[in-house]
Protein chains: 2
Amino acid sequence: MAVETIKWINGAARIIDQTKLPRQFKYLYCRDVKTMWQAIKRLQVRGAPAIGVAAAFGVLLGIQKFKGSDKRKFLQLFHETCDYLSTSRPTAVNLFNMLNEMRAVVTHNPQADVATLKKALFLQAMTIFEADREVCRQMGEHGAKLIKNGMRCLTVCNAGALATVDYGTALGVFYSAKGRGKKFSVYSCETRPLLQGARLTCWELLQQKIDTTLICDNMAATLMAQGKVDIIFTGADRIASNGDAANKIGTYMLAVLARHHGIPFYVVAPSTTFDLKIKSGRQIPIEERHSDEVTHFAGVPTAPKGVKVYNPAFDVTPAKLIAGIVTEHGIIRAPFVKNIKRLLLN
Amino acid sequence: MAVETIKWINGAARIIDQTKLPRQFKYLYCRDVKTMWQAIKRLQVRGAPAIGVAAAFGVLLGIQKFKGSDKRKFLQLFHETCDYLSTSRPTAVNLFNMLNEMRAVVTHNPQADVATLKKALFLQAMTIFEADREVCRQMGEHGAKLIKNGMRCLTVCNAGALATVDYGTALGVFYSAKGRGKKFSVYSCETRPLLQGARLTCWELLQQKIDTTLICDNMAATLMAQGKVDIIFTGADRIASNGDAANKIGTYMLAVLARHHGIPFYVVAPSTTFDLKIKSGRQIPIEERHSDEVTHFAGVPTAPKGVKVYNPAFDVTPAKLIAGIVTEHGIIRAPFVKNIKRLLLN
C-alpha cells in the first residue's frame with residue numbers, strides 16, 4: 001500500500017488529513033500535542049488502530065520539548081499529556097490501550113532517568129507503530145480464507161489503510177484476498193453523517209482496483225433481500241469480554257439485517273481493540289457528536305433551523321449476531337467469552 | 001394546514017418547489033404539461049398522493065390549449081398527454097390510477113363532444129384533488145387511535161402535507177393525534193440520498209410544533225435497541241393485493257429492524273395507492289435514479305470519481321412485517337389478501 005496514514009518524521013507526526021479526502025490529498029504535520037488532540041477530535045486521523053498510534057505519537061509530541069533532568073517534572077508532564085490525549089475521543093479503546101502501553105514504560109522503569117525514559121518511550125511508540133503493520137497482515141491472512149470466488153461482500157465506514165498504519169482491518173481482508181488472486185466485489189455503505197464509506201473506503205478500494213459499488217446506508221437491506229450480499233466485514237472500536245463490539249453507527253443495523261437474511265457478519269479487529277476489563281457492550285461509552293454533522297453538508301443546511309438531533313457516532317453489536325471476530329491470532333467464534341480468553345490471554 | 005402543496009389556479013398548476021425546502025419556500029407555476037412532467041421527474045412535486053393529483057392536473061394542462069371541436073384530434077392529444085405523463089416516474093401507482101380515472105371520463109362519455117369532455121375532465125381532476133383532502137382526514141382519524149400518550153414514533157421520508165393535497169398520510173396521523181390533545185414525540189429519519197426526512201418532514205413537524213428529533217437512517221436500529229421507539233408509521237407508493245408495500249428506500253430496513261425489536265410497523269396510505277392488479281411486491285417496478293444523487297451534495301462531490309453506484313429510490317416491505325395498513329376506510333390487518341379485498345372492493 002502506498003497510503004501512509006500516520007508516520008513519525010523528524011520530530012513530527014505526519015498524518016493524511018482525512019477530512020479532505022477524496023477531493024484533496026493533503027498531509028498535516030502535528031508538531032505539538034494540541035494539534036494531535038485536535039486532529040483526533042476532528043477525525044483528521046481516525047480508525048481505532050490509527051488513533052492508538054496517534055495517541056502514542058501524541059505522547060512523544062508532548063514530552064519532546066522537555067528540557068533538563070528533573071524527573072518529577074518530567075513525569076508530571078508525561079501524565080498530563082497522557083490524560084489530555086485520553087479526552088480526545090471516548091469510544092475506541094485502542095487510544096486508551098496504547099496510552100497504557102506508554103504508561104507501562106514509565107511504571108516498568110522506576111529507576112530510569114529522564115533521558116532513558118524519553119528513549120524508551122520513543123522506542124515503545126515505534127513498536128506500537130510497527131506492530132500495527134504486522135497485525136494488519138495477519139488479520140488479512142486469516143480473513144481472506146472466508147472469501148470465496150464470486151462473493152459479493154459488504155462493508156461500512158472505513159476499516160482500511162486509512163484507519164491503520166498498514167492496510168487495514170476489514171479492508172485488509174479484501175486486500176489479502178485480492179493478493180491471493182480471488183475474484184469478488186464489494187458494496188461500500190456511504191456511512192452517514194461523515195461519509196467515511198463514500199469518501200475513504202471507495203477511494204481506497206478503487207486505488208486497489210477492487211470492484212466497488214457505493215450505496216446509501218438505507219439500501220443495504222434491499223441488497224440483502226435481493227440475495228446480492230454473501231458476507232459482511234466491519235471493523236470495531238472496542239470489543240468487550242463477551243464479544244459485543246462497538247463500531248461506527250450503522251454497524252448494528254447491518255448485523256440485525258444480516259441475521260434476518262442469513263448472511264454471515266464478521267468483525268475484523270486486532271487484539272488491541274479488546275477491552276477485557278468490561279463484561280459487555282453496555283459498558284462501552286458511546287461518543288455523541290455535534291448536531292451540525294447531521295444538519296449541514298459542506299456548510300449548506302440540510303434541515304430546518306432549530307430541529308433537535310441525535311448523533312451517536314457508534315453503536316454496539318451484540319456478540320450473538322457476530323459469526324466471528326477476525327484477529328491477528330485467528331478467527332474467534334462462539335462461545336465468545338471462553339474463546340476470547342483462550343486466544344487473547346494465553 | 002397552511003401548506004398548499006399543489007393547487008389549480010387560473011389555468012395553471014401551482015406547486016411548492018420541494019427541492020428548495022427548507023432553505024427557500026418557492027412556488028412553481030406549471031402552465032404546460034412538459035413543465036409538470038419535469039416537476040414530477042425532478043421531485044419538485046413528490047409523494048404518491050400528490051403526484052396522482054399532479055398527473056390529473058397535467059392532463060388539464062395538456063388539453064387546455066386545444067382549439068376547435070375535432071374530437072378525433074382532441075382524443076389523440078388527450079391520450080398522448082396521459083401516456084407522456086405516465087413516463088415521468090414508475091413506482092407510485094397513484095400516478096397511473098389517477099390517469100386511469102381521467103381516461104375513464106372519456107370512456108364513459110362516448111357521445112360527448114370536445115367542450116363537454118373538457119368540462120368533465122376538469123371536474124374529474126378537481127374531484128381527485130378534493131377527494132385527497134377528505135381521505136387524508138379520514139386516515140388521520142383512524143391512525144390517531146394507535147398513538148398513546150408518551151409514545152415515541154418514528155417515520156421516514158415525507159408522508160405529510162407536502163406529499164398530499166391536505167395534511168398527509170403518516171404525518172396526518174401525527175397531526176390528527178395532536179389535534180386530539182395527545183402528547184408524543186417523533187424521530188424523523190433523514191432519508192438519504194435526497195433527505196426528504198431532514199428537509200421536508202422536520203420542516204412540517206416543526207411548523208406544527210410537534211416534538212421532533214432528526215436522525216441519520218443508520219441510527220434507527222440503535223434507537224430501537226435502546227427502547228426509544230414505540231411505533232413506526234410510513235407512507236407507501238404502491239401496495240400489492242397481498243399487502244406488500246413499496247415505499248421510499250430505507251423503509252424495508254425499518255420494517256426488519258422493527259420486527260427484530262418487537263415494534264409495530266404501520267403503513268398509512270389511501271385506497272388510491274393499492275394496485276390490485278398485481279399479486280405481490282415482486283411485480284412493483286422500482287425506480288433507479290442517477291448516481292449523482294449519491295455521489296454529490298449541493299454540487300460538491302462526496303465520493304471518488306468513477307465509483308459505481310446503486311441508487312434504487314424505493315424498496316418493498318413484505319406484508320408479513322406490517323402490523324397494519326391505515327386507509328381512509330379503516331385499518332387493514334392480516335390476513336391481508338382477504339382483508340384488502342373486503343375493505344376496498346366492497
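Modeller: A salt bridge here is a side-chain nitrogen of Lys or Arg within 4 Å of a carboxyl oxygen of Asp or Glu. This is a predicted model, in which local features need pLDDT of at least 70 and side-chain atom pairs pLDDT 80 or more, while totals for chains, interfaces and linings use all residues. Residues are numbered from 1 along each chain as its sequence is written, chains are lettered from A and ligands numbered from 1 in the order written, and side-chain values use heavy atoms, with hydrogens and water left out.

Colleague: Thanks! How many salt bridges does the rule find across the interface of chain B and chain A?

Modeller: The rule finds 4. In the one between A:D211 and B:K308, the closest N and O atoms are 2.6 Å apart.

Colleague: And how many residues of each chain are in contact there?

Modeller: 54 residues of chain B are in contact with 54 residues of chain A, where contact means heavy atoms within 4.5 Å. The area buried between the two chains is about 4,400 Å², and carbon and sulfur atoms give 70% of that. Buried area is the accessible area (1.4 Å probe) that two parts lose on being put together, summed over both.

Colleague: Let's look inside chain A. Which domains does the assignment give?

Modeller: Domain 1 covers 6–137 and domain 2 covers 140–345, with bounds from an automatic or database domain assignment. Their C-alpha centres lie 25 Å apart. Between these domains about 2,800 Å² is buried, 55% of it from carbon and sulfur atoms.

Colleague: Which three residues supply more of the area that domain 1 buries than any other three?

Modeller: A:R46, A:T91 and A:R137, which supply 24% of the area that domain 1 of chain A buries against domain 2. A:R137 also forms a salt bridge with A:D166, the closest N and O atoms being 2.6 Å apart. Besides that, A:R137 lies over the face of A:Y167, at 4.0 Å from the ring centre. The rule for this asks for NZ of Lys or CZ of Arg within 6 Å of the ring centre and within 35 degrees of the ring normal. In chain B, B:R137 lies over the face of B:Y167, at 4.1 Å.

Colleague: Why is the pair of B:F25 and B:Y27 edge-to-face?

Modeller: Because their planes stand at 85 degrees, with the ring centres 5.3 Å apart. Over in chain A, one aromatic cluster is formed by A:W8, A:F57, A:F122 and A:F129.

Colleague: New topic: is helix 6 of chain A mostly covered or uncovered?

Modeller: Mostly covered: 8 of its 10 residues (170–179) are buried, meaning under 20% relative accessible area, with exposed over 50% and partly exposed in between (1.4 Å probe, protein chains only). Helices (H or I, at least four residues) and strands (E, at least two) are DSSP runs, numbered from the N terminus. Among the elements covering those buried residues are helix 5 (114–144) and strand 4 (151–156).

Colleague: What follows helix 6 of chain A?

Modeller: A:G181, whose phi is positive, near 85 degrees.

Colleague: And in chain B, why does B:L171 count as buried?

Modeller: Because its relative accessibility is 0%. B:L171 lies in helix 6 of chain B, and the residues it touches include B:T155, B:T201 and B:L205. B:L171 and B:T201 are 30 residues apart along the chain, yet their C-alpha atoms are separated by 8.1 Å.

Methods: Phe/Tyr/Trp six-rings, centres within 6.5 Å; stacked < 30°, edge-to-face > 60°. Lists of a residue's contacts leave out its neighbours within four places in sequence.
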